[in-house]
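Work through the exercises below with the structure open beside you. Try each task before you read its solution.

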Amino acid sequence: MDCIRCHIRMNKEIKNGVLIDTCPICDGVWLDKDELKMLETGEKKLNADLLKELYNEVERERFSLEQKDGLCPKCDTSALVPTMVKDVEIDRCPSCHGAFFDWGEIEAILEAGGEE
Ligand SMILES: [Zn+2]
Ligand SMILES: [Zn+2]
């Protein structure tokens, strides 16, 4: 998928047991539904599942048409809606419930919610 700000292809990274998309330019991060929650709770997916997910996403994006401006980079269905999560504003998709963050915003959310 492409970064909603920079319009370049994002990198896929496995971080803390979830598969995330990161932008090499602006440090933006795309999290799918539930991935933020997993980062918060420390829950991890199995490596085999992550690799399968990575493979499926790469395959799907290889054939996806050019991204439409202003629409969710994941599902191309809805425009992202600014949403407040723990005093941090993120851009969230009302269709697939994925969300676009700055990496610093994820850290702020993790700090606000983490007991560690
Ligand atoms: Zn970017
Ligand atoms: Zn979406």
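This is a predicted model: local features need pLDDT of at least 70, side-chain atom pairs count only at pLDDT 80 or more; totals for chains, interfaces and linings use all residues.

**Exercise 1. Which residues are the protein donors of the zinc ion (ligand 1), and what spacing do they follow along the chain?**

Step 1. Find the donor atoms. They are the SG atoms of Cys 3, Cys 6, Cys 23 and Cys 26. Each lies 2.2 to 2.3 Å from the zinc ion (ligand 1).

Step 2. Read the spacing. The pattern is C-x2-C-x16-C-x2-C.

Step 3. Check the geometry. The 4 donor atoms subtend angles of 106 to 112° around the zinc ion (ligand 1), so the arrangement is tetrahedral. The criterion is that all angles lie between 85 and 135 degrees.

Step 4. Cys 6 has a relative accessible area of 25% and is partly exposed. Cys 26 is also partly exposed, at 25% relative accessibility.

**Exercise 2. Which residues coordinate the zinc ion (ligand 2), and why is the arrangement tetrahedral?**

Step 1. List the donors. Cys 72, Cys 75, Cys 93 and Cys 96 coordinate the zinc ion (ligand 2) through SG, at 2.2 to 2.3 Å.

Step 2. Read the spacing. In sequence it is C-x2-C-x17-C-x2-C.

Step 3. Test the angles. The 4 donor atoms subtend 105 to 117°, which makes the arrangement around the zinc ion (ligand 2) tetrahedral.

Step 4. Buried means under 20% relative accessible area. Cys 72 is at 0%, so Cys 72 counts as buried. Cys 75 is at 26%, so Cys 75 counts as partly exposed.

**Exercise 3. Where does strand β3 (residues 28-31) have its buried residues: on one side or on both?**

Step 1. Assign the sides. Gly 28 and Trp 30 are on one side of β3, with Val 29 and Leu 31 on the other. All are buried, and both faces are covered.

Step 2. Take the partner β2 (residues 18-22). β2 and β3 run antiparallel, joined by 2 bridges. Asp 21 stands opposite Trp 30.

Step 3. Take the partner β6 (residues 99-102). β6 pairs with β3 over 4 bridges, in the antiparallel sense. Phe 100 in β6 stands opposite Trp 30.

Definitions and conventions: Residues are numbered from 1 along each chain as its sequence is written. Chains are lettered from A and ligands numbered from 1 in the order in which they are written. Side-chain values use heavy atoms; hydrogens and water are left out. Donors are N, O and S atoms within 2.8 Å of the metal (3.2 Å for Na, K and Ca); water is not among the atoms, so sites may look incomplete. Four donors count as tetrahedral if all angles lie between 85 and 135 degrees; four count as square planar and six as octahedral if opposite donors are over 155 degrees apart and all others between 65 and 115; anything else is irregular. Buried means under 20% relative accessible area, exposed over 50%, partly exposed in between (1.4 Å probe, protein chains only). Two strands pair if DSSP finds at least two bridges between them.
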